[in-house]
Amino acid sequence: MNEAITLLKQLIATPSFSYEEEKTAQLIFDFLSEKGISPQRILNNVYACNLHFDESKPTLLLNSHHDTVKPTAAYTLDPFMPLEKDGKLFGLGSNDAGGSVVALIQAFCHYYDKKMSHNLILAITAEEEVTGENGIELLLKHLPKIDCAIVGEPTQMKAAIAERGLMVLDCTAHGIPGHAARNEGDSALYHAIDDINWFRNFRFPKLSSLMGEVKMTVTQINAGTQHNVVPNECRFVVDIRPTDIYDNVEIVDIIRQHVNCDIVPRSTKHVASCIDEKHRLVQTAITLGIERFVSPTTSDMVSMPFPAIKMGVGDSARSHRADEFVYIKEIDEGIQQYINFLKTFNHE
(Lines give C-alpha, C1' and ligand atoms only; values in the text may rest on other atoms or scores of the structure.)
Protein backbone atom coordinates (compact mmCIF):
# COMPACT_ATOMS: atom_id res chain seq x y z
CA MET A 1 0.00 0.00 0.00
CA ASN A 2 2.91 2.37 0.66
CA GLU A 3 3.65 2.81 -3.04
CA ALA A 4 -0.04 3.51 -3.71
CA ILE A 5 0.01 6.30 -1.11
CA THR A 6 3.28 7.64 -2.50
CA LEU A 7 1.82 7.76 -6.02
CA LEU A 8 -1.35 9.43 -4.78
CA LYS A 9 0.68 12.09 -3.00
CA GLN A 10 2.58 12.75 -6.22
CA LEU A 11 -0.69 13.07 -8.13
CA ILE A 12 -2.11 15.49 -5.54
CA ALA A 13 1.03 17.62 -5.71
CA THR A 14 0.76 17.87 -9.50
CA PRO A 15 -2.08 20.10 -10.78
CA SER A 16 -4.24 18.20 -13.27
CA PHE A 17 -7.25 20.34 -14.11
CA SER A 18 -9.34 19.04 -16.98
CA TYR A 19 -7.57 19.69 -20.33
CA GLU A 20 -4.31 20.22 -18.38
CA GLU A 21 -3.41 16.70 -17.29
CA GLU A 22 -0.09 16.29 -19.10
CA LYS A 23 2.08 16.00 -15.98
CA THR A 24 -0.10 13.50 -14.09
CA ALA A 25 -0.41 11.41 -17.25
CA GLN A 26 3.40 11.25 -17.33
CA LEU A 27 3.52 10.31 -13.63
CA ILE A 28 1.20 7.38 -14.22
CA PHE A 29 3.04 6.36 -17.40
CA ASP A 30 6.39 6.38 -15.58
CA PHE A 31 5.00 4.47 -12.57
CA LEU A 32 3.73 1.65 -14.80
CA SER A 33 6.96 1.60 -16.79
CA GLU A 34 8.99 1.23 -13.59
CA LYS A 35 6.81 -1.78 -12.68
CA GLY A 36 7.93 -3.53 -15.88
CA ILE A 37 4.65 -2.82 -17.66
CA SER A 38 4.56 -1.33 -21.17
CA PRO A 39 1.97 1.46 -21.00
CA GLN A 40 0.67 3.40 -23.98
CA ARG A 41 -0.41 7.02 -24.07
CA ILE A 42 -2.89 8.80 -26.29
CA LEU A 43 -2.91 12.50 -25.45
CA ASN A 44 -3.41 12.50 -21.66
CA ASN A 45 -4.90 9.02 -21.48
CA VAL A 46 -2.65 6.22 -20.22
CA TYR A 47 -3.50 2.55 -20.73
CA ALA A 48 -1.93 -0.89 -20.52
CA CYS A 49 -2.96 -4.46 -21.33
CA ASN A 50 -2.17 -7.48 -19.19
CA LEU A 51 0.90 -9.50 -20.16
CA HIS A 52 -1.00 -12.52 -21.49
CA PHE A 53 -3.57 -10.57 -23.50
CA ASP A 54 -5.48 -13.04 -25.68
CA GLU A 55 -7.86 -11.69 -28.33
CA SER A 56 -9.93 -14.87 -28.13
CA LYS A 57 -10.90 -14.00 -24.53
CA PRO A 58 -13.37 -11.33 -23.37
CA THR A 59 -11.86 -8.12 -22.00
CA LEU A 60 -12.59 -6.26 -18.76
CA LEU A 61 -11.70 -2.55 -18.66
CA LEU A 62 -10.47 -1.00 -15.40
CA ASN A 63 -11.03 2.74 -15.76
CA SER A 64 -10.71 5.84 -13.62
CA HIS A 65 -9.73 9.47 -14.26
CA HIS A 66 -6.83 11.62 -13.17
CA ASP A 67 -8.21 15.07 -13.97
CA THR A 68 -9.67 17.27 -11.24
CA VAL A 69 -11.94 20.27 -10.89
CA LYS A 70 -10.39 23.52 -9.71
CA PRO A 71 -10.27 24.09 -5.94
CA THR A 72 -12.98 26.23 -4.41
CA ALA A 73 -12.24 29.47 -2.59
CA ALA A 74 -13.33 27.75 0.64
CA TYR A 75 -10.13 25.68 0.88
CA THR A 76 -8.29 26.20 4.17
CA LEU A 77 -5.45 23.84 3.21
CA ASP A 78 -3.11 23.97 0.24
CA PRO A 79 -4.96 21.81 -2.31
CA PHE A 80 -1.65 20.69 -3.85
CA MET A 81 0.12 19.87 -0.60
CA PRO A 82 -0.70 16.27 0.38
CA LEU A 83 -1.25 16.13 4.12
CA GLU A 84 -1.69 13.04 6.29
CA LYS A 85 -3.65 13.75 9.44
CA ASP A 86 -5.99 11.71 11.66
CA GLY A 87 -5.94 8.78 9.25
CA LYS A 88 -6.85 10.99 6.29
CA LEU A 89 -4.93 12.09 3.22
CA PHE A 90 -5.93 15.63 2.25
CA GLY A 91 -5.47 17.14 -1.19
CA LEU A 92 -7.28 18.05 -4.40
CA GLY A 93 -8.29 14.89 -6.26
CA SER A 94 -7.51 12.59 -3.34
CA ASN A 95 -11.11 11.38 -3.19
CA ASP A 96 -12.26 12.11 -6.75
CA ALA A 97 -10.76 10.04 -8.08
CA GLY A 98 -7.16 9.60 -6.92
CA GLY A 99 -7.96 6.88 -4.41
CA SER A 100 -9.63 4.80 -7.11
CA VAL A 101 -6.82 5.53 -9.57
CA VAL A 102 -4.06 4.16 -7.33
CA ALA A 103 -6.18 1.24 -6.08
CA LEU A 104 -7.04 0.14 -9.63
CA ILE A 105 -3.40 0.46 -10.64
CA GLN A 106 -2.36 -1.78 -7.74
CA ALA A 107 -5.01 -4.37 -8.60
CA PHE A 108 -3.96 -4.34 -12.26
CA CYS A 109 -0.29 -4.77 -11.32
CA HIS A 110 -1.25 -7.68 -9.04
CA TYR A 111 -2.82 -9.56 -11.96
CA TYR A 112 -0.65 -8.19 -14.76
CA ASP A 113 1.31 -11.39 -15.43
CA LYS A 114 -1.36 -13.91 -14.41
CA LYS A 115 -3.52 -15.90 -16.82
CA MET A 116 -7.24 -15.35 -16.29
CA SER A 117 -10.59 -15.95 -17.94
CA HIS A 118 -10.72 -12.29 -19.00
CA ASN A 119 -8.12 -9.92 -20.38
CA LEU A 120 -7.53 -6.78 -18.35
CA ILE A 121 -7.01 -3.29 -19.74
CA LEU A 122 -6.13 -0.51 -17.32
CA ALA A 123 -7.12 2.94 -18.58
CA ILE A 124 -6.50 6.07 -16.52
CA THR A 125 -8.11 8.81 -18.53
CA ALA A 126 -8.49 12.56 -18.84
CA GLU A 127 -11.31 15.11 -19.11
CA GLU A 128 -13.85 13.13 -17.07
CA GLU A 129 -14.89 16.14 -15.02
CA VAL A 130 -15.92 18.00 -18.18
CA THR A 131 -17.07 14.97 -20.22
CA GLY A 132 -14.45 15.99 -22.77
CA GLU A 133 -14.02 14.45 -26.19
CA ASN A 134 -10.34 13.64 -25.60
CA GLY A 135 -10.85 11.41 -22.58
CA ILE A 136 -12.41 7.95 -22.49
CA GLU A 137 -14.47 8.73 -25.59
CA LEU A 138 -11.29 9.16 -27.62
CA LEU A 139 -9.40 6.28 -26.03
CA LEU A 140 -12.12 3.69 -26.66
CA LYS A 141 -11.62 4.19 -30.40
CA HIS A 142 -8.06 2.90 -30.04
CA LEU A 143 -8.56 0.00 -27.63
CA PRO A 144 -9.30 -3.64 -28.47
CA LYS A 145 -12.91 -4.75 -28.12
CA ILE A 146 -14.15 -4.19 -24.56
CA ASP A 147 -16.81 -6.51 -23.15
CA CYS A 148 -17.43 -4.85 -19.77
CA ALA A 149 -15.91 -2.39 -17.34
CA ILE A 150 -15.37 -1.32 -13.76
CA VAL A 151 -15.34 2.47 -13.42
CA GLY A 152 -13.41 3.75 -10.41
CA GLU A 153 -15.33 6.60 -8.78
CA PRO A 154 -15.87 7.30 -5.06
CA THR A 155 -18.75 4.98 -4.10
CA GLN A 156 -17.45 3.65 -0.74
CA MET A 157 -16.67 0.49 -2.77
CA LYS A 158 -20.38 -0.14 -3.27
CA ALA A 159 -21.37 -1.16 -6.81
CA ALA A 160 -23.46 1.25 -8.82
CA ILE A 161 -25.39 -0.95 -11.22
CA ALA A 162 -27.09 2.04 -12.84
CA GLU A 163 -26.60 5.76 -13.05
CA ARG A 164 -28.70 8.64 -14.21
CA GLY A 165 -27.85 10.43 -17.42
CA LEU A 166 -27.06 14.13 -17.74
CA MET A 167 -28.46 16.80 -20.00
CA VAL A 168 -27.86 20.54 -19.70
CA LEU A 169 -30.24 22.97 -21.39
CA ASP A 170 -29.40 26.56 -22.26
CA CYS A 171 -32.71 28.40 -22.22
CA THR A 172 -33.50 31.91 -23.50
CA ALA A 173 -36.71 33.79 -22.76
CA HIS A 174 -37.52 36.82 -24.94
CA GLY A 175 -39.30 40.11 -24.30
CA ILE A 176 -39.34 43.74 -25.46
CA PRO A 177 -36.94 46.34 -24.04
CA GLY A 178 -38.26 49.47 -22.40
CA HIS A 179 -37.67 52.06 -19.69
CA ALA A 180 -38.51 50.83 -16.20
CA ALA A 181 -39.92 54.24 -15.23
CA ARG A 182 -42.58 54.11 -17.90
CA ASN A 183 -45.26 51.58 -18.76
CA GLU A 184 -43.40 50.12 -21.69
CA GLY A 185 -41.57 47.00 -22.67
CA ASP A 186 -42.25 43.36 -21.92
CA SER A 187 -39.80 41.87 -19.43
CA ALA A 188 -38.09 38.67 -20.52
CA LEU A 189 -37.51 38.01 -16.82
CA TYR A 190 -41.22 37.52 -16.19
CA HIS A 191 -41.49 35.10 -19.12
CA ALA A 192 -38.49 33.25 -17.75
CA ILE A 193 -40.13 33.03 -14.32
CA ASP A 194 -43.18 31.34 -15.85
CA ASP A 195 -40.99 28.76 -17.56
CA ILE A 196 -38.79 28.28 -14.49
CA ASN A 197 -41.89 27.56 -12.41
CA TRP A 198 -42.87 24.94 -14.96
CA PHE A 199 -39.45 23.27 -14.66
CA ARG A 200 -39.83 23.38 -10.88
CA ASN A 201 -43.28 21.81 -10.76
CA PHE A 202 -43.60 19.48 -13.77
CA ARG A 203 -43.44 15.75 -13.19
CA PHE A 204 -42.86 13.34 -16.05
CA PRO A 205 -45.62 10.72 -15.90
CA LYS A 206 -43.46 7.61 -16.38
CA LEU A 207 -41.31 6.43 -13.47
CA SER A 208 -38.30 4.16 -13.69
CA SER A 209 -38.38 1.13 -11.41
CA LEU A 210 -34.64 1.64 -10.84
CA MET A 211 -34.20 5.41 -10.88
CA GLY A 212 -37.56 6.94 -10.08
CA GLU A 213 -38.49 10.18 -11.82
CA VAL A 214 -36.62 12.46 -14.20
CA LYS A 215 -35.07 15.29 -12.15
CA MET A 216 -34.91 18.87 -13.46
CA THR A 217 -33.20 21.74 -11.63
CA VAL A 218 -32.73 25.36 -12.75
CA THR A 219 -29.20 26.23 -11.68
CA GLN A 220 -28.23 29.56 -13.31
CA ILE A 221 -29.97 32.74 -14.49
CA ASN A 222 -28.81 35.96 -16.11
CA ALA A 223 -30.68 39.00 -17.40
CA GLY A 224 -30.55 42.77 -17.67
CA THR A 225 -27.94 45.42 -18.33
CA GLN A 226 -28.87 48.09 -15.78
CA HIS A 227 -31.49 48.87 -13.14
CA ASN A 228 -33.81 51.01 -15.28
CA VAL A 229 -33.94 48.94 -18.46
CA VAL A 230 -36.61 46.27 -18.96
CA PRO A 231 -34.62 43.27 -20.24
CA ASN A 232 -35.51 41.85 -23.63
CA GLU A 233 -33.63 38.63 -22.96
CA CYS A 234 -33.21 36.30 -19.97
CA ARG A 235 -30.96 33.28 -20.08
CA PHE A 236 -31.09 30.40 -17.66
CA VAL A 237 -29.64 26.91 -17.37
CA VAL A 238 -31.43 23.69 -16.49
CA ASP A 239 -29.65 20.59 -15.17
CA ILE A 240 -31.59 17.42 -16.08
CA ARG A 241 -30.89 13.94 -14.73
CA PRO A 242 -32.68 11.50 -17.06
CA THR A 243 -33.71 7.93 -16.26
CA ASP A 244 -33.75 4.81 -18.41
CA ILE A 245 -37.46 5.31 -19.21
CA TYR A 246 -37.13 8.40 -21.42
CA ASP A 247 -34.82 9.02 -24.35
CA ASN A 248 -33.02 12.36 -23.98
CA VAL A 249 -34.42 13.68 -27.25
CA GLU A 250 -37.90 12.69 -26.08
CA ILE A 251 -37.37 14.71 -22.89
CA VAL A 252 -36.43 17.79 -24.91
CA ASP A 253 -39.51 17.37 -27.13
CA ILE A 254 -41.80 17.20 -24.07
CA ILE A 255 -40.20 20.31 -22.57
CA ARG A 256 -40.64 22.28 -25.79
CA GLN A 257 -44.34 21.49 -25.76
CA HIS A 258 -44.74 23.23 -22.40
CA VAL A 259 -42.41 26.26 -22.30
CA ASN A 260 -42.08 29.39 -24.44
CA CYS A 261 -38.34 29.95 -24.12
CA ASP A 262 -35.82 28.77 -26.69
CA ILE A 263 -34.22 25.47 -25.69
CA VAL A 264 -30.72 24.40 -26.77
CA PRO A 265 -29.33 21.14 -25.31
CA ARG A 266 -25.57 21.16 -24.94
CA SER A 267 -25.65 17.43 -25.68
CA THR A 268 -28.20 14.63 -25.75
CA LYS A 269 -25.71 11.75 -25.77
CA HIS A 270 -25.23 11.33 -22.01
CA VAL A 271 -28.00 8.85 -21.43
CA ALA A 272 -28.87 6.91 -18.30
CA SER A 273 -27.28 3.48 -18.09
CA CYS A 274 -27.90 0.23 -16.27
CA ILE A 275 -26.57 -3.31 -16.31
CA ASP A 276 -28.53 -6.56 -16.34
CA GLU A 277 -28.67 -8.18 -12.90
CA LYS A 278 -27.58 -11.47 -14.47
CA HIS A 279 -24.34 -10.00 -15.79
CA ARG A 280 -21.14 -11.48 -14.41
CA LEU A 281 -20.12 -8.16 -12.86
CA VAL A 282 -23.34 -7.92 -10.86
CA GLN A 283 -23.28 -11.57 -9.90
CA THR A 284 -19.72 -11.15 -8.64
CA ALA A 285 -20.85 -8.24 -6.46
CA ILE A 286 -23.71 -10.37 -5.12
CA THR A 287 -21.36 -13.29 -4.39
CA LEU A 288 -19.04 -11.00 -2.43
CA GLY A 289 -21.89 -9.33 -0.55
CA ILE A 290 -21.17 -5.91 -2.08
CA GLU A 291 -24.05 -3.48 -1.75
CA ARG A 292 -25.60 -2.40 -5.07
CA PHE A 293 -27.22 0.96 -5.70
CA VAL A 294 -28.31 3.45 -8.35
CA SER A 295 -25.99 6.44 -8.68
CA PRO A 296 -27.52 9.92 -9.02
CA THR A 297 -24.33 11.27 -10.61
CA THR A 298 -22.74 10.63 -13.98
CA SER A 299 -19.31 9.30 -14.81
CA ASP A 300 -17.42 8.01 -17.83
CA MET A 301 -19.97 5.18 -17.89
CA VAL A 302 -22.06 7.48 -20.13
CA SER A 303 -19.47 6.98 -22.89
CA MET A 304 -19.33 3.20 -22.60
CA PRO A 305 -21.43 1.17 -25.06
CA PHE A 306 -20.93 -2.01 -23.00
CA PRO A 307 -22.03 -3.21 -19.53
CA ALA A 308 -20.30 -1.49 -16.63
CA ILE A 309 -20.50 -0.93 -12.90
CA LYS A 310 -19.15 2.03 -10.96
CA MET A 311 -17.21 1.08 -7.84
CA GLY A 312 -14.38 2.91 -6.17
CA VAL A 313 -12.53 4.31 -3.19
CA GLY A 314 -13.86 7.25 -1.18
CA ASP A 315 -17.22 8.92 -0.82
CA SER A 316 -19.00 10.93 -3.51
CA ALA A 317 -20.22 13.36 -0.83
CA ARG A 318 -16.62 14.61 -0.46
CA SER A 319 -16.11 15.28 -4.16
CA HIS A 320 -15.61 18.88 -5.30
CA ARG A 321 -15.64 20.16 -1.71
CA ALA A 322 -13.06 22.24 0.11
CA ASP A 323 -10.26 20.36 1.88
CA GLU A 324 -11.01 17.15 0.00
CA PHE A 325 -9.68 13.98 1.59
CA VAL A 326 -9.65 10.22 1.47
CA TYR A 327 -9.10 7.89 4.43
CA ILE A 328 -5.83 5.98 4.22
CA LYS A 329 -7.62 2.78 5.23
CA GLU A 330 -10.09 3.26 2.36
CA ILE A 331 -7.25 2.92 -0.12
CA ASP A 332 -5.95 -0.28 1.47
CA GLU A 333 -9.47 -1.73 1.67
CA GLY A 334 -10.15 -0.66 -1.91
CA ILE A 335 -7.04 -2.40 -3.23
CA GLN A 336 -8.02 -5.62 -1.45
CA GLN A 337 -11.62 -5.45 -2.63
CA TYR A 338 -10.57 -4.87 -6.23
CA ILE A 339 -8.18 -7.82 -6.01
CA ASN A 340 -10.85 -10.06 -4.46
CA PHE A 341 -13.42 -8.89 -6.98
CA LEU A 342 -11.18 -9.69 -9.93
CA LYS A 343 -10.32 -13.07 -8.44
CA THR A 344 -14.00 -14.00 -8.12
CA PHE A 345 -14.90 -12.44 -11.48
CA ASN A 346 -12.20 -14.44 -13.27
CA HIS A 347 -13.03 -17.74 -11.58
CA GLU A 348 -13.58 -20.29 -14.33
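Let's start inside the protein: Thr243 is buried, at 1% relative accessible area. Buried here means under 20% relative accessible area, exposed means over 50%, and partly exposed is in between, with a 1.4 Å probe and protein chains only. Before I go on, this is a predicted model, where local features need pLDDT of at least 70 and side-chain atom pairs count only at pLDDT 80 or more, while totals for chains, interfaces and linings use all residues. Residues are numbered from 1 along each chain as its sequence is written, and side-chain values use heavy atoms, with hydrogens and water left out.

Back to Thr243. It sits in the loop between strand E13 (233-241) and helix H6 (248-256). Helices (H or I, at least four residues) and strands (E, at least two) are DSSP runs, numbered from the N terminus. Which residues does Thr243 touch, leaving out those up to four places away in sequence? They are Arg164, Ser208, Met211, Gly212, Glu213, Val214 and Ala272. Contact means heavy atoms within 4.5 Å.

Now the whole protein. There are eight helices and 18 strands. Of the 348 residues, 53% are buried. Take contacts between residues at least 6 apart in sequence: 80% of them join residues at least 24 apart. The C-alpha atoms fill a box of roughly 80 × 45 × 35 Å along the principal axes.

Next, helix H7, residues 280-287. Which of its residues are buried? Leu281, Val282, Thr284 and Ala285. They cover an arc of only 160° around the axis, so they lie on the same side of H7. The arc is that of the directions from the helix axis to the C-beta atoms. As background, an α-helix has 3.6 residues a turn, so residues three or four places apart point the same way. What covers the buried residues of H7? The cover includes strands E3 (59-65), E7 (148-151), E8 (159-163), E16 (292-295) and E17 (308-310), plus helix H8 (328-345). After H7 comes Gly289, with a positive phi near 70°.

Two other residues have positive phi without being glycine. Asp86 is at about 55°. Asp86 lies in the loop between strand E4 (83-85) and strand E5 (88-90), and at 65% relative accessibility it counts as exposed. Gln156 is at about 60°. Gln156 lies in the loop between E7 and E8, and at 42% it counts as partly exposed.

The peptide bond from Asp96 to Ala97 is cis, with omega near 0°. Ala97 is in helix H3, residues 94-111.

Finally, the surface. The accessible surface is about 16,300 Å², and 49% of it belongs to carbon and sulfur atoms. Accessible areas come from the Shrake-Rupley method with a 1.4 Å probe; for residues, only the protein chains shown count as cover. Leu189, Tyr190, Ile193 and Ile221 form a nonpolar patch, with about 390 Å² of accessible area together. Patches are made of residues with over 30% relative accessible area and no salt bridge; like charges are joined within 9 Å, and nonpolar side chains (Val, Leu, Ile, Met, Phe, Trp, Tyr) within 5 Å. A salt bridge is a side-chain nitrogen of Lys or Arg within 4 Å of a carboxyl oxygen of Asp or Glu. Helix H5, residues 188-201, gives the largest share of the patch, three residues. Ile193 is in H5, and at 39% relative accessibility it counts as partly exposed.
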